[in-house]
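Q: Hey, I'm new to this one. Can you walk me through it?
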Amino acid sequence: MKNEIIIEPYGLGHAVVIRNKSKIIDSFIDPPLNASFYPPSTFINAKILRKIKNMGGFFVRLPNGKEGFLRSKKLYQIGQNVIIRSKVFFDPNKPQIFTDKLKTK
């Protein structure tokens, strides 16, 4: 079984299709440019802005120019780029929450 991965720019990131013998077996599509949040389990590259003591995380700059909150026990440096994954989005008035645990289901 040999899979083909097709990646094209789309919206805030890319659209990815995985197919086998011309049959689509999976797809991932990033949100459009005007989206206010990233769908759950979206992988993005973010920049560490500042550490928030006693809250277990960091504020990060997202590719769409907004800020998010990375919950992590790891230590990162200010300005460091990290790959993170979006979690479920609840409140549009608060920063979206992300994790650096990159497992998928």
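Q: What does Arg19 form a salt bridge with?
A: Arg19 pairs with Glu4, and the closest N and O atoms are 2.8 Å apart. Keep in mind that this is a predicted model.

Q: Which strands do Arg19 and Glu4 lie in?
A: Arg19 is in strand E2 and Glu4 is in strand E1, so the pair ties together parts that are 15 residues apart in sequence.

Q: And how exposed is each of them?
A: Arg19 is partly exposed, with a relative accessible area of 26%. Glu4 is partly exposed too, at 38%.

Q: How many salt bridges turn up in the whole structure?
A: A search finds 3. Glu67 meets Arg50 in one of them, at 3.4 Å from N to O. That pair links distant parts of the chain, with Glu67 in strand E6 (residues 67-71) and Arg50 in strand E4 (residues 43-52), 17 residues apart. Glu67 also has a salt bridge with Arg61, at 3.9 Å from N to O.

Q: What do Arg50, Arg61 and Glu67 make up, then?
A: One network, joined by salt bridges that share partners. Arg50 is partly exposed at 37%, Arg61 is partly exposed at 34%, and Glu67 is partly exposed at 30%.

Q: Switching topic: what about Arg85, is it buried or exposed?
A: Arg85, in strand E7 (residues 81-86), is buried yet has no salt bridge. The nearest side chain of opposite charge is Asp100, 8.5 Å away. A salt bridge needs the nitrogen and oxygen within 4 Å.

Q: What lies 3.1 Å from a polar atom of the Arg85 side chain?
A: The backbone oxygen of Lys101.

Q: Back to E1 and E2. What order do the strands have in that open sheet?
A: The order is E1-E2-E3, 3 strands with antiparallel pairing. Strands E1 (4-10) and E3 (23-29) stand at the edges with a single partner strand each, so one side of each has no neighbour in the sheet. On average, neighbouring strands are turned by 20° against each other, direction ignored.

Q: How many bridges do E2 and E3 pair over?
A: They pair over 6 bridges, with E2 covering residues 13-20. Val16 stands opposite Phe28 in E3.

Q: What's up with phi at Lys21 and Ser22?
A: Lys21 has a positive phi of about 55° although it isn't a glycine. Ser22 isn't a glycine either, and its phi is positive at about 65°.

Q: Where are Lys21 and Ser22 found?
A: Lys21 is in the loop between E2 and E3, and Ser22 is in the loop between E2 and E3 as well. Lys21 is exposed at 79% relative accessible area, and Ser22 is exposed at 65%.

Key. Residues are numbered from 1 along each chain as its sequence is written. This is a predicted model: local features need pLDDT of at least 70, side-chain atom pairs count only at pLDDT 80 or more; totals for chains, interfaces and linings use all residues. Side-chain values use heavy atoms; hydrogens and water are left out. Helices (H or I, at least four residues) and strands (E, at least two) are DSSP runs, numbered from the N terminus. Buried means under 20% relative accessible area, exposed over 50%, partly exposed in between (1.4 Å probe, protein chains only). Lys and Arg count as positive and Asp and Glu as negative; His and the chain ends are not counted. A polar contact is a pair of N or O atoms within 3.5 Å; within protein, one must be able to donate a hydrogen and the other to accept it, and residues adjacent in sequence count only if both atoms are side-chain atoms. Two strands pair if DSSP finds at least two bridges between them. Axes are lines fitted to C-alpha atoms, for helices over the stretch in contact, and angles run from 0 to 180 degrees between N-to-C directions.
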